[in-house]
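Please look at the sequence and the model before reading on.

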Amino acid sequence: QRRVHGGNSFFLSLHLHLVSVSTSVHRTMNLFGKAKKKTVNPVDSIMQLRETLTTLEKRQLHIEKKIGAQLDEARAKTKAKDKRGALFALKRKKMYEAEVSKLDGARMTIETQILALENAQTNIMALDAMRMGTTAMKEAHNHLNIDQVDNIMEEIQEQQQLQEEIQQVLSQPIGTPMDDDELLEELNMMEQEDLEKQLLDTTSVPTSVPASKVPTGVPAMPSVPTKTPQQQQVEDDEARELRELEASMAM
């Protein structure tokens with residue numbers, strides 16, 4: 001009875017100790033909060049999955065070699081008339097083939113997970129970039145509002161209108177504006193006077209002729225021009241062109 005009592009007291013004290021430890025741990029967790037779950041980095045997960053995929057590929061190559069070996073063994077047993085041994089080799093071959101099929105499924109699952117994680121990582125990067133862009137736009141818009149933009153645009157338009165008015169004023173002539181019609185009329189009068197003067201010069205007749213130049217026995221007659229100035233100018237131009245042509249042919 002003493003031994004049983006002693007054993008019970010030992011288990012009782014052990015139980016009380018465990019309860020005390022559990023209570024202290026519970027209090028500690030309540031004091032500092034629950035333990036946070038370890039976050040998994042998608043990049044690390046992708047690397048681990050790729051390593052696993054490499055291991056599965058090596059395992060599959062190893063088993064495929066065993067399949068070939070079992071097939072060779074089955075053929076050798078068949079040639080040796082060992083039907084039982086050939087059947088056993090074919091059974092092992094089927095077992096290895098089933099293992100290869102399982103490995104194919106596992107590899108496909110891992111590759112699907114890798115693709116999904118890569119897409120998720122890409123989405124996270126795109127979302128982070130868009131979040132940063134949104135934050136930057138908010139910071140920029142904190143310094144501006146629609147009223148300020150409207151005021152700035154109105155000031156720009158006012159300054160442009162003022163600049164146009166200044167240029168218009170600067171482009172106006174200084175002094176009394178001149179009438180073009182009056183100037184044209186004056187010009188026409190000057191041309192008419194010149195024309196009349198030319199006509200008077202061409203139709204004038206000399207009143208006296210020197211006696212030495214008048215032939216005897218012939219009455220003195222006034223010299224009247226037989227060609228107009230325009231005709232004389234044309235003849236002079238033709239003569240000049242003829243001289244130039246002869247000079248060029250002589251060269």
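In which loop is L144 found? L144 is found in the loop between α3 (83-142) and α4 (146-170). Helices here are DSSP runs of H or I with at least four residues, numbered from the N terminus.

The model is a predicted one, in which local features need pLDDT of at least 70 and side-chain atom pairs count only at pLDDT 80 or more, while totals for chains, interfaces and linings use all residues. Residues are numbered from 1 along each chain as its sequence is written, and side-chain values use heavy atoms, with hydrogens and water left out.

**The surface patch**

L144 has a relative accessible area of 46% and is therefore partly exposed. On this scale, buried means under 20% relative accessible area, exposed means over 50%, and partly exposed lies in between (1.4 Å probe, protein chains only). Together with I146, V149, I152, M153 and I156, L144 forms a nonpolar patch on the surface, and the accessible area of these residues together is about 520 Å². Such a patch is made of residues with over 30% relative accessible area and no salt bridge; nonpolar side chains (Val, Leu, Ile, Met, Phe, Trp, Tyr) are joined within 5 Å, and like charges within 9 Å. The areas come from the Shrake-Rupley method with a 1.4 Å probe, and for residues only the protein chains shown count as cover.

Helix α3 has 60 residues, which should span 88 Å at 1.5 Å a residue; the end C-alpha atoms are 88 Å apart, so the two values agree. The expected span is 1.5 Å times one less than the number of residues. Among the buried residues of α3 are G85, A86, Y96, L103, I114 and Q121. The buried residues of α3 pack against α2 (42-79).

I110 gives an example from helix α3. Its relative accessibility is 10%, so I110 counts as buried. Apart from neighbours within four places in sequence, I110 is in contact (heavy atoms within 4.5 Å) with L49, T52, L53 and L56. The C-alpha atoms of I110 and L49 lie 6.5 Å apart in space, although the two residues are 61 residues apart in sequence.

S45 is placed in helix α2. With 17% relative accessibility, S45 counts as buried. Its contacts, leaving aside neighbours within four places in sequence, are V40 and L117.

**Salt bridges**

The whole structure contains 6 salt bridges. A salt bridge is a side-chain nitrogen of Lys or Arg within 4 Å of a carboxyl oxygen of Asp or Glu. The table lists some of them.

| Pair | N to O distance |
|---|---|
| R50 and E118 | 2.4 Å |
| D82 and K77 | 3.7 Å |
| R131 and D128 | 2.8 Å |

The salt bridge between R50 and E118 links distant parts of the chain, with R50 in helix α2 and E118 in helix α3, 68 residues apart. R50 has a relative accessible area of 42% and is partly exposed; E118, at 29%, is partly exposed.

R131 and D128 both lie in helix α3, 3 residues apart, about one turn of the helix. R131 is partly exposed at 44% relative accessible area, and D128 is partly exposed at 34%.

In the remaining pair of the table, D82 has a relative accessible area of 28% and is partly exposed. K77 is partly exposed, with a relative accessible area of 28%.

How values were computed: Helix = DSSP H or I, 4+ residues; strand = E, 2+ residues; numbered from the N terminus.
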